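Me: Let's go through this model, from the whole chain down to a single residue.

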Amino acid sequence: MKKNLLSISFIFIFSVLALALWGIPRLPEFERALTERLMNDSAREHFDGSLRVEKVYFDRHLKIRITGITGNLKTRQGSVPLRISSVGSQDSLFLLALQKPVRFIFEGIRPQGTSRAGISGHFLFQTGPAGRFELFADFGATGLEDWQWLDPQNLAGATGTTQGSLTFRQAAGQEPLFNLDLEAPEPGGNIQARFFDIFLPYLPAGVQKEKIQKFSKSQKLIGYKKAVLQASLPQSDQLKILLQIFIPDYNLKLTLNALIKTDQKDAFSQIARLMGLIA
């Protein structure tokens with residue numbers, strides 16, 4: 001009996017060791033595949049199962065770091081290949097099960113093929129009745145060239161560095177907070193003349209509108225010296241937009257104010273759709 005027990009114990013230990021020797025080298029691939037599947041399930045509406053991950057790391061505190069994320073974002077203009085350098089949690093993912101907030105840092109969100117570093121920032125996510133989502137994005141390492149996919153017809157050939165930030169907060173039972181402040185500082189760059197044609201219906205009659213009518217029908221690039229785009233939610237169902245751009249060749253400083261209705265129940269998605277970020 002004792003001999004049989006020793007034999008069974010030996011077989012069990014040997015089996016565990018064999019399983020460990022087989023499984024440990026394959027664990028990173030399993031983690032990568034599982035993470036990739038979970039990401040695609042949660043973002044299928046906007047990426048249609050195209051998300052891919054290069055590497056996934058878990059530490060002993062159950063913090064995660066994902067690198068080399070790629071996918072095709074569905075937008076109104078078509079599919080846009082994007083890349084994210086890395087996303088990592090600053091807190092244990094176990095806190096999600098306890099309905100406590102978990103902080104994440106991300107780096108390098110950009111269209112594939114661009115030479116710029118892209119958008120970086122951080123976000124916070126909390127589940128449960130007190131759930132909330134908070135996002136801060138820094139656009140300091142982006143350029144106007146990176147945003148041509150928003151409107152290829154009117155932004156093709158656009159150049160100039162961009163800087164600024166985006167802040168979004170949504171807590172359960174509370175109205176969303178949103179603020180976007182972007183700038184293309186001096187010396188500016190170039191932009192399609194026909195880009196300004198979309199503003200004509202919103203401009204009052206006058207010298208400014210006449211100037212835009214003269215050059216907006218052309219197929220050429222024109223230089224701008226400085227541009228500012230600001231957007232915010234003065235109310236949960238209203239998106240306020242301010243656009244300012246200076247065209248030195250025409251001595252024109254265009255200022256456009258607009259107020260757009262949104263769906264307060266899904267404010268973040270509504271804002272993204274209005275800006276052409278998603279389909």
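**Fold, confidence and one threonine**

Me: What share of the contacts with a separation of 6 or more comes from residues 24 or more positions apart?
Reply: This is a predicted model. Its chain forms seven helices and 14 strands. Among contacts with a separation of 6 or more, residues 24 or more positions apart account for 48%.

Me: What percentage of the residues in the chain is buried?
Reply: The chain exposes about 16500 Å², and carbon and sulfur atoms supply 58% of that area. Of the 279 residues, the buried ones make up 37%.

Me: Which element of the chain has the lowest mean pLDDT?
Reply: The chain averages a pLDDT of 81, with 84% of residues at 70 or more. Over residues 1–26, pLDDT stays under 50, and the model has one contact there beyond four places in sequence. Where pLDDT is low, the predicted coordinates should not be read in detail. Strand β6 has the highest mean, 95, and the lowest, 40, belongs to helix α1 (residues 2–23).

Me: Is T142 buried or exposed?
Reply: T142 sits in strand β7, residues 142–143. Buried means under 20% relative accessible area. T142 has 2%, so it counts as buried.

Me: Which side chain makes a polar contact of 2.5 Å with that of T142?
Reply: Beyond four places in sequence, T142 touches several residues, including R116, W147 and T162. A polar atom of the T142 side chain also lies 2.8 Å from the backbone oxygen of F139. The side-chain partner at 2.5 Å is T162.

Conventions:
Residues numbered from 1 in each chain as written. Predicted model: local features only at pLDDT ≥ 70, side-chain atom pairs only at ≥ 80, totals over all residues. Heavy atoms only, no water. Helix = DSSP H or I, 4+ residues; strand = E, 2+ residues; numbered from the N terminus. Buried < 20%, exposed > 50% of the residue type's maximum accessible area, 1.4 Å probe, protein only. Contact = heavy atoms within 4.5 Å. Areas by Shrake-Rupley, 256 points an atom, 1.4 Å probe, with all protein chains shown as cover. Polar contact = N/O pair within 3.5 Å; in protein donor to acceptor, adjacent residues only side chain to side chain. pLDDT = per-residue confidence, 0-100.
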